[in-house]
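Hi,

Here is the structure I promised to pass on to you. Have a look at it first, and then read on for what turned up.

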Amino acid sequence: MGIKTALITGANAGIGLATAKALAQRSFDLILLCRNEQKGLDAQAEVRKANPAVRVDLLTVDLADGDSVSRAAEKIKSDYTRLNVLINNAGYTPAAIEFTADGIEKSFYANHIGHFILTYRLLDLLKKTAAQTGDARIISLSSGAHALGRKARFFRHIETLSSWAAYGDDKLANLLFAKAAARQLAGTGITSYSVHPGAVRTNFGSDTPGLLGQVFRLAGPFMRTPEVGAQTSVFLASAPLKSIGERNNGAYFADSRPKAPSNRDATDENADWLWERTLAYVV
C-alpha cells in the first residue's frame with residue numbers, strides 16, 4: 001500500500017503537533033496546515049526530528065477565510081496524488097465574539113465552515129485514494145463541550161452570544177459534520193469520525209477573556225498532556241478499520257472508543273441539515 005499521507009490542520013502546537021509527531025513516527029508523510037507561518041516552520045522542524053525519513057510539508061492557511069482555504073486545497077490537489085487521512089484538528093477561540101461580513105460568528109466559521117470547505121474541496125483526492133487503497137479517513141476534533149452547543153444558534157448573528165456558547169456550538173458542529181460526512185460518503189471507502197481528546201493542557205484558550213479563559217488557565221495543571229490528548233486521533237488515523245469497527249463510521253470517540261454524544265441536537269437529521277446548509281459557503 002506504500003507510505004500514507006496525513007493532513008493536519010492546526011499542527012503547530014498542542015494536540016495537532018503531538019498528532020503529527022506520533023504519525024511521523026508511524027512513517028506517515030505529513031502536510032501541516034498552520035495559520036502562522038513562523039510557528040508552522042518551527043513545528044515542521046520538530047516533526048522532522050521525530051522521523052527524518054518522512055516528508056513533512058507546510059502550508060499557511062486562515063480557516064476563517066474561505067478563499068485562503070480554497071487556495072490551500074487547490075495546491076494540495078496539484079501537489080499530491082494521495083491523501084489517506086484528513087485531520088480537522090485546528091481550534092480557534094476569539095479574544096471576543098466577532099462576526100464575519102456575512103454575519104457568521106468568527107470561531108464558528110474557522111472551526112466548522114473553514115474545515116468543511118477544506119474537506120469538501122479535497123473529497124476528490126480522498127475518493128481517489130480510497131479507490132486505490134480501499135480506505136481514506138476524515139477525523140474531526142470535537143470536545144465534551146459539544147454538550148453546550150445548540151443547533152438553533154448555528155449561522156445566526158447573536159450579539160449576546162457568550163464564549164462558552166460559541167465554543168459549544170463549534171464543537172457540536174464538528175461532531176455533526178463527522179456524522180454527516182459518514183452518511184454522505186457511504187460507499188466511497190471514506191470513513192469519518194469525531195473525537196473528544198479530553199481536557200488537554202495546551203495554549204488553547206489561554207488568551208480568551210472572561211470566565212472561559214479563566215477556566216482554561218486554572219485547569220491547566222490538572223489537564224492531560226497533548227501527547228495523551230492526541231492518542232484517539234492517532235488511533236483513528238492509523239489503526240486497521242477492523243479495530244475501529246465498521247459500524248462506528250460517523251461515531252464520536254473518546255479514549256479510542258465510541259462514546260454516546262451528550263446533546264439531544266446530535267441527530268442524523270441535524271447532521272444532514274448542517275451539511276446542506278454549509279454547502280452554500282463552498283466558494
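Pro-94 sits in the loop that runs between β4 (85–88) and α4. Please keep in mind that this is a predicted model. Is Pro-94 buried or exposed? With a relative accessible area of 8%, Pro-94 falls under the 20% cut-off and so counts as buried.

Helix α4 covers residues 106–121 and helix α11 covers residues 268–278. The two pack with their axes 11 Å apart, at an angle of about 80°. Angles from 65 to 115 degrees count as roughly perpendicular, so that is the label for α4 against α11.

Which residues make this contact? From α4 come His-112, Ile-113, Phe-116 and Tyr-120, and they meet Leu-274, Trp-275 and Thr-278 of α11. By type, the contact of α4 with α11 has five nonpolar residues, two polar ones and no charged ones.

Another residue worth a click is Thr-232, which belongs to helix α9 (residues 231–238). Its relative accessibility is 3%, under the 20% limit, so Thr-232 is buried too. What does Thr-232 touch, leaving aside residues up to four places away in sequence? The partners are Val-195 and a run of neighbours made up of Phe-253, Ala-254, Asp-255 and Ser-256.

Now for the overall picture. The protein contains 11 helices and eight strands. Its radius of gyration is 17 Å, close to the 19 Å that the globule rule gives for 283 residues, so the protein is as compact as a globular protein of that length. If you are setting up a box, the C-alpha atoms fill one of roughly 50 × 40 × 35 Å along the principal axes.

Of the 283 residues, 54% are buried. The protein exposes about 12,300 Å², and carbon and sulfur atoms supply 49% of that area. As for contacts between residues at least 6 apart in sequence, 76% join residues at least 24 apart.

Happy browsing, and do write back with any questions.

Best wishes

Note on methods:
Residues numbered from 1 in each chain as written. Predicted model: local features only at pLDDT ≥ 70, side-chain atom pairs only at ≥ 80, totals over all residues. Heavy atoms only, no water. Axes fitted to C-alpha atoms, helices over the stretch in contact; angles between N-to-C directions. Helix = DSSP H or I, 4+ residues; strand = E, 2+ residues; numbered from the N terminus. Parallel < 35°, antiparallel > 145°, perpendicular 65-115°, else oblique. Contact = heavy atoms within 4.5 Å. Nonpolar A, V, L, I, M, F, W, Y, C, P; charged D, E, K, R; others polar. Rg over C-alpha atoms; globule rule 2.2 N^0.38 Å. Buried < 20%, exposed > 50% of the residue type's maximum accessible area, 1.4 Å probe, protein only. Areas by Shrake-Rupley, 256 points an atom, 1.4 Å probe, with all protein chains shown as cover.
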